[in-house]
Amino acid sequence: MPKLLEVRDLKTQFRTREGPIQAVNGISFTIDEGEAVGIVGESGSGKSVTALSILRLLPMPPAQIVDGAVLFQDQDLVDLHEAEMRRIRGGKISMIFQDPISSLNPVMRIQDQITETLQLHLGLSKVEAIARVRSLLEAVGIPDAERRMRGYPHQFSGGMRQRVMIAIAIATNPKLLIADEPTTALDVTIQAQILELLARLRRDLNTSLILITHDLGVVAGVTDRILVMYAGHIAERAPTEEIFDNPRHPYTLGLLGAVPRLDAEQGSDLVTIPGSPPDLLHPPAGCPFQPRCPFKIDKCATYPPDLKVGRDHYSACWVDVTNPKEQQRAMQKGFIPLRPVGGTLAGEFSAGDA
Amino acid sequence: MDITQFEGPHAPVPPAPEVIELTPELARKRRGQFRIITDRFLRNRVAVAGFVILVIVTLLALLAPVIEPVRGQFDPATTPNFAIALQGPSLAHPFGTDNVGRDELARWLYGARVSLQVGLFAMLASIFLGVTVGALAGFYGGWIDSILMRIVDALLAIPLYLILFLLSATFFSRGTTLGLVLLIAAFSWLYTARVVRSEFVAQKEREFLLATRTLGAGDLRLILRHIIPNAIGPIVVSATLLVGINIITESTLSFFGFGLQPPASSWGVLLADSESYFTQQPMLVWAPGLGILLTVLAFNLMGDGLRDALDPQMTER
Amino acid sequence: MGRYIIRRLAQAALMLFLLSIALFLLLYLIPGGPQAVLFNPRLDGAARAALAEKYGLNQPLPLQYVSYMQHLFQGNLDSFNTGRPVLLEIGDRLPYTLQLFALSLIFAVILALLLGVISAIRQYSITDYAATIVAYFGIAMPIFFTALVLQYLFGVILQSFFVTVTGSPWPVFGISSPNADTYTPLQLIADRLQHLVLPTIALSLLFVASWSRYLRSSMLDTVKQDYVRTARAKGLSSRVVFFRHALRNALIPFVTVVAIDFAGFAGGAVITETVFGLPGIGKLFFDSLGARDYPVLLTLLLFAATMVVFFNLLADLLYGVLDPRISYS
């Protein structure tokens, strides 16, 4: 598959009174045409900033892309002229946001919010655009589209509004769709429907997809590959099954422990990783995860390189978490292995003295 | 469970502690918060400028009786000297003299006293009224809220100056400072009441109040001890802005002859006296006019600074 | 919608009714009220009785109120001062006030919109700072002082810079030129407008200042909203984002603020008129106040309150046009 997007050593920071915050700290990855990639991490890991940096939608200042390149169809978006950037936004790259309640303009009719992009990017007339709206709304599964397209956002439920957002995003048949936590604000039952819709549309339209989430469970059935982000870095990247079956970064192990499982005992607590993400104003030297990491060794004081640990599988960690000795050591620090899978462990980090 | 311990639904609720013990930790926390707010305020140069202007004007007003004898202008309000009427600014009379030969600077200084006094005292009275009404409406809700807020709406429908002119001309003891203060306060509490009410409605829902409630705290205690301290920010801000508004109201009333009467000399009275001499001795109008402008400006700058310092979300970008 | 309007009108009518009782009691009970007219030392007992009889001041208060209202609505409530019907007195003066009022309101709203939007688009620009400074001064100046300063500026300092089309000095007082009776209708209109320029500026300054600041902060609030980011993500130009998406949302609270300030605007008009010597409602008010003409005073207050309530209702309806989330049911 030909390469669609390449992010190369991207660094985005926010200037604050107290000093610069490194929200994205030199990340690189590629996305092929038609490929779906998940970016997973806790809030504050830099996954949303990455997405907003690609489209240059961050408020600047205080945000600033200080280094790196975003090559989209071999064109660097970082220093593209604003007018040309506008042609990419909503045209070739579309974005879906987390909160559908606040992401639609409350005082504009649904159809007007959709025809806007159609007229801008496809050069349709108002009449042509309105005619297109109906089929778009039907494509995203909004019943009674003919009538509802004249309504306002407040007349739609959260799930329906997210469908409208998706309709806006796919209206121009973009090459790349970025969905930033598209299901987080929705009811659990609706979440699955929206994910299913996204997966189907992506296949039908042959669009590449970046799916951003804090929940590994969300990306499982949808994406081809996963990037795990922590504190502005990519901790681990691998094909989706590899991440689940053979996680190699201690942070990924923790995330997997945090996925609610159907086979979990009734009433068992939802597992979280003890500790909190580092203060990005004063990040720790070396690996940013080390203060929370039960596998920590002395070498962690220097940032680990992107080590190749398998086919298309990279992990930024000095420790081989598959090594039983290392596991033994981590267990003494409160690491609780949950399920032995394929020679490695998904695990829970207890709130011990890790 | 020991069944003998059961006292039924009307069992006396243990009284909540009458005083919150000011542990060193709590004291430090409060001091810390105060420091943060002060720091934020001091970083705001414009607000500090407003504060400095106010300090200067206040000092001048307070020291007016002390300054005057030194300059040999004792009791300027009652010593006309037609020989030197309507002089321009000079060393002896920096602001010139008015139409009956009184030193304008002396009158200005005494005017500052009165203007500030009226502004401050009317603010205190109207904050008291506004907080009381707003607290009652917001805390109790229901029909109390409806009635009080309808009254506020009705009063807001009458142009303020019309009713003030009318009442001042007819029955409020025109000419006395106290009468003027009460009159101004009687119609300037409306916005404070609205602000406090909405603050109360928001605070009431907070869980800590529910917790206090179950401990059996009385309503008054709850309002004074728990809600007002939490709503203090908006109250302080509106109090600061109110002083400026009151000074403007006073000057307008006095200018049209419905406020203080000569020989009392607020800035508004000075303007009323000297309006017709604007072309002859502009200083007679500029001095009190700019006095009002600067003082009100300073109160507004300080109010805005306080608002930003108390509500950091508004400014952090 | 129709139902909503009817309900709101009924509420407004009830409020005005209660307000009329309150104001009536306030005016007629207070020392120095209408009764004081009877204690004019120049009157003898018989004259007093005749006067009290004539104005119904010897009747119980509720009856006086009823008869006041009756006469008001029948249009034969007479002024103590001139003996003419109150409504005629008001009708004579109203056009002048309405002209100033309408002109100032339009001017203030347009200028506030312009300044607010420009300040928000070009945040921290020179224009923004200048608008901020002017706004701070505008808010801190009593309206009568603004009026005085304008008179001084145009009448003394800039006398030679600003002249009318006929070459005379720019008018700083009154409603028409002394030789206006020789003017053609067109000249009359020009003359009237020239006389209204300074009063309009004086009355508007305060409101331009506070409204433009309000719109600015409301705009800056709006551009941080998620839907504005959505609009940008569509690739719309910042101008379209601003005017199509942000402005309309920011206008919703703006309308409320303008409506709230309506009573203040009316009071400001009275002050401005008086300083500039315009023969409008303000003059009637002060004349009636001097003459203790209670029927006129009470009617003026009620009239002002009615206007304020009416325009608030209008603002509510406009609110509904701007914001589809409001439903009138």
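**Figure 1. A:A231, a buried loop residue with positive phi in a predicted model**. A:A231 is buried, with 24 other C-beta atoms within 10 Å. A residue counts as buried if 20 or more other C-beta atoms lie within 10 Å of its own, as exposed if 12 or fewer do, and as partly exposed in between; C-beta atoms are placed from the backbone. A:A231 sits in the loop between strand 9 (225-230) and strand 10 (233-239) of chain A. Helices (H or I, at least four residues) and strands (E, at least two) are DSSP runs, numbered from the N terminus. The phi of A:A231 is positive, about 50°, although the residue is not a glycine. The model is predicted: local features need pLDDT of at least 70, side-chain atom pairs count only at pLDDT 80 or more, and totals for chains, interfaces and linings use all residues. Residues are numbered from 1 along each chain as its sequence is written, while chains are lettered from A and ligands numbered from 1 in the order in which they are written.

**Figure 2. A:R56, a buried arginine with positive phi**. A:R56 has phi near 55°, a positive value in a residue other than glycine. The loop that holds A:R56 lies between helix 1 (47-55) and strand 4 of chain A. A:R56 counts as buried because it has 20 C-beta neighbours inside 10 Å.

**Figure 3. An open antiparallel sheet in chain A**. Four strands line up in the order 2-1-4-5. Strands pair if DSSP finds at least two bridges between them. Strand 2 (19-32) and strand 5 (75-76) of chain A stand at the edges, each with a single partner strand, so one side of each has no neighbour in the sheet. Strand 4 (residues 63-72) of chain A pairs with strand 5 of chain A over two bridges, in the antiparallel sense. Here A:L71 stands opposite A:D76 of strand 5.

**Figure 4. Strand 8 of chain A, covered on both faces**. Strand 8 (residues 208-213) of chain A has six of its six residues buried, so it is largely enclosed by the rest of the structure. In a regular strand the side chains alternate between the two faces of the sheet. A:S208, A:I210 and A:I212 are buried on one side of strand 8, and A:L209, A:L211 and A:T213 on the other. Strand 3 (residues 36-40) of chain A runs parallel to strand 8 of chain A, joined by five bridges. A:V40 has A:T213 as its bridge partner. Five bridges also join strand 7 (residues 176-180) of chain A to strand 8 of chain A, again parallel. There, A:L176 is bridged to A:S208. Strand 7, helix 8 (residues 188-205) and strand 8 of chain A make a right-handed β-α-β unit. Right-handed means that, with the strands pointing away from the viewer, the path from the first strand over the helix to the second runs clockwise.

**Figure 5. The largest nonpolar core**. This core has 247 residues. A nonpolar core is a set of buried Ala, Val, Leu, Ile, Met, Phe, Trp, Tyr and Cys residues joined through C-beta atoms within 7 Å. Residues with the most contacts inside the core include A:A167, A:I178, B:L162 and C:L297. Helix 3 of chain B gives the largest share, 18 residues. Beyond its neighbours within four places in sequence, A:A167 is in contact with A:I114, A:L136, A:L137 and A:V140. Two residues are in contact if their C-beta atoms, placed from the backbone, lie within 7 Å.

**Figure 6. Helix 6 of chain B and its packing**. Helix 6 (residues 177-188) of chain B has twelve residues. Its first and last C-alpha atoms are 16 Å apart, close to the 16 Å expected at 1.5 Å a residue. That expected span is 1.5 Å times one less than the number of residues. B:L180, B:V181, B:L183, B:I184, B:A185 and B:S188 are buried. The buried residues of helix 6 pack against helix 3 (104-140), helix 5 (160-170) and helix 10 (232-255) of chain B.

**Figure 7. Chain C where it touches chain B**. The contact takes 32 residues from chain C and 33 residues from chain B. Helix 1 (2-29) and helix 13 (294-322) of chain C are among the helices that each supply at least two residues to the chain C side. That side divides into 28 nonpolar, four polar and no charged residues. Ala, Val, Leu, Ile, Met, Phe, Trp, Tyr, Cys and Pro count as nonpolar, Asp, Glu, Lys and Arg as charged, and the others, Gly among them, as polar. Chain C comes to 13 helices and zero strands.
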